[in-house]
Amino acid sequence: MSDSGNSARRSGHSEPSGYSEQDVQREVTELEGKSATAARIFDLRRIIGGLFVLYGIIVTVTGITDSQAAIDKAQGVNINLWTGIGMLVLGVFFLVWLKLRPMAPPQGTDSE
């Protein structure tokens, strides 16, 4: 093995990679931004709230257009209408909760 390879290994530094410290910091900052964006997009409150609102609209419309025979089958209760309204309320609750208490950005640990 060459003497220059041994000295670089002993000092704890590897051979130059072609990237400056500024390039590495910029890349890390970009990746942190993308990670935070992905975390906000896939927040479970957004997914659950959106699905409940979507299904709530579908079930509420079904309840509004139900025939009297379907209501009689449920012992006089328009179950689709009430379930749809409940789903809408729950979905809106999740979306309002997301808006009022957004997810905190991840705290990075600095090793400096």
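This is a predicted model: local features need pLDDT of at least 70, side-chain atom pairs count only at pLDDT 80 or more; totals for chains, interfaces and linings use all residues.

User: Why does Thr 60 count as buried?

Analyst: Buried means under 20% relative accessible area, exposed over 50%, and partly exposed in between, with a 1.4 Å probe and protein chains only. Thr 60 has 11% relative accessibility, so the residue counts as buried. Thr 60 is found in helix H3, and a polar atom of its side chain lies 3.3 Å from the backbone oxygen of Gly 84.

User: What makes H3 roughly antiparallel to H5?

Analyst: Helix H3 (residues 44-64) and helix H5 (residues 79-100) pack at about 155 degrees, with their axes 7 Å apart. Angles over 145 degrees count as roughly antiparallel, under 35 as roughly parallel, 65 to 115 as roughly perpendicular and the rest as oblique. That is why H3 is called roughly antiparallel to H5. The axes are lines fitted to C-alpha atoms over the stretch in contact, and angles run from 0 to 180 degrees between N-to-C directions.

User: Which residue of H5 can you show me next?

Analyst: Gly 91 is found in helix H5. With neighbours within four places set aside, Gly 91 is in contact with Gly 49, Phe 52 and Val 53.

User: How do you know whether Gly 91 is buried or exposed?

Analyst: Its relative accessibility is 0%, so Gly 91 counts as buried. Gly 91 and Arg 45 are 46 residues apart in sequence, and 8.9 Å apart in space from C-alpha to C-alpha.

User: And is Gln 75 buried or exposed?

Analyst: Gln 75 has a relative accessible area of 76%, so this residue is exposed. Gln 75 sits in the loop between helix H4 (68-73) and H5, and its phi is near 55 degrees, a positive value in a residue other than glycine.

User: Finally, how many helices and strands are there in the protein?

Analyst: There are five helices and zero strands. Helices are DSSP runs of H or I with at least four residues, strands are runs of E with at least two, and both are numbered from the N terminus. Of the 112 residues, 13% count as buried.

Terms used:
Residues are numbered from 1 along each chain as its sequence is written. Side-chain values use heavy atoms; hydrogens and water are left out. A polar contact is a pair of N or O atoms within 3.5 Å; within protein, one must be able to donate a hydrogen and the other to accept it, and residues adjacent in sequence count only if both atoms are side-chain atoms. Contact means heavy atoms within 4.5 Å.
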